[in-house]
Amino acid sequence: MRTLAFDTLEFAKKLKAANFPQDQAEALAEAVAGLVEERLATKQDLKELEIRLEARLKELETSLRRDMKELETGLRQDMKELETGLRHDMKELETGLRRDMQEMELRLRHDLTLRLGAMLAAAVAVVAALVKLL
Amino acid sequence: MRTLAFDTLEFAKKLKAANFTQDQAEALAEAIAGIVEERLGSKQDLKELEIRLEARLREMELRLRHDLTLRLGAMLTAAVAIVAAIVKLL
């Protein structure tokens with residue numbers, strides 16, 4: 001690839017055709033070839049740079065896309081777990097409340113029965129006393 | 001645009017001023033011009049490369065931004081749906 005960047009023979013031939021002496025033409029060709037090969041950026045170098053950067057960009061985009069996908073999957077998973085947890089907590093809360101209400105109903109029923117019984121007994125006693133007096 | 005990368009006449013004139021013969025100066029100028037035009041990367045080439053890469057970057061940013069918006073939108077919708085379902089349950 002490198003050797004194709006500059007044709008030393010062709011260069012020297014053109015100079016000799018313009019009456020440069022053989023050694024001057026060759027020295028000049030060598031000197032210019034050295035510059036082109038070692039110092040200067042050729043169009044080929046730029047092309048290669050572009051290809052490398054394109055590949056790097058594509059790679060970057062792919063990895064970003066994959067990261068986004070993973071992030072989304074993780075978040076969806078977390079949301080799912082959060083929902084399940086909340087549902088579970090709500091279920092427990094409901095069960096507890098139902099049990100408390102049941103206990104309260106029993107206590108109230110018990111209390112009410114005693115009070116009503118006592119009042120009924122008192123009423124019967126009062127009626128009996130009145131009947132006896134009249 | 002291409003012809004501006006190397007001034008053959010100016011180059012040949014400088015050589016002639018240093019006692020190169022007319023045909024030597026012209027041949028050298030032509031030979032160097034050939035290399036500069038065909039082989040070497042010019043400032044113009046760099047500029048064009050930069051423009052292409054800039055465009056490529058912008059395009060990628062747009063695509064990623066678009067993608068991100070869609071994903072975030074979908075997730076937000078899902079979150080709202082979950083909250084709505086929970087509120088209904090209570």
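This is a predicted model: local features need pLDDT of at least 70, side-chain atom pairs count only at pLDDT 80 or more; totals for chains, interfaces and linings use all residues.

Guide: Residues are numbered from 1 along each chain as its sequence is written, and chains are lettered from A and ligands numbered from 1 in the order in which they are written. A nonpolar core is a set of buried Ala, Val, Leu, Ile, Met, Phe, Trp, Tyr and Cys residues joined through C-beta atoms within 7 Å, and a residue is buried if 20 or more other C-beta atoms, placed from the backbone, lie within 10 Å of its own. The largest such core has 16 residues, and those touching the most other members are Phe11(A), Ala12(A), Leu15(A), Ala25(A), Leu28(B), Ala31(B) and Ile35(B). Two or more residues each come from α1 (8–17) and α2 (22–39) of chain A and from α2 (22–38) of chain B, these helices being DSSP runs of H or I with at least four residues, numbered from the N terminus. The largest share, six residues, is given by α2(B). Beyond its neighbours within four places in sequence, Ala31(B) is in contact (C-beta atoms, placed from the backbone, within 7 Å) with Phe11(A), Lys14(A) and Leu15(A). Of the 90 residues of chain B, 9% count as buried. In α3(A), by contrast, the number buried is zero of 91 residues, so this helix lies largely in the open.

Conventions
A residue is buried if 20 or more other C-beta atoms lie within 10 Å of its own, exposed if 12 or fewer, and partly exposed in between; C-beta atoms are placed from the backbone. Two residues are in contact if their C-beta atoms, placed from the backbone, lie within 7 Å.
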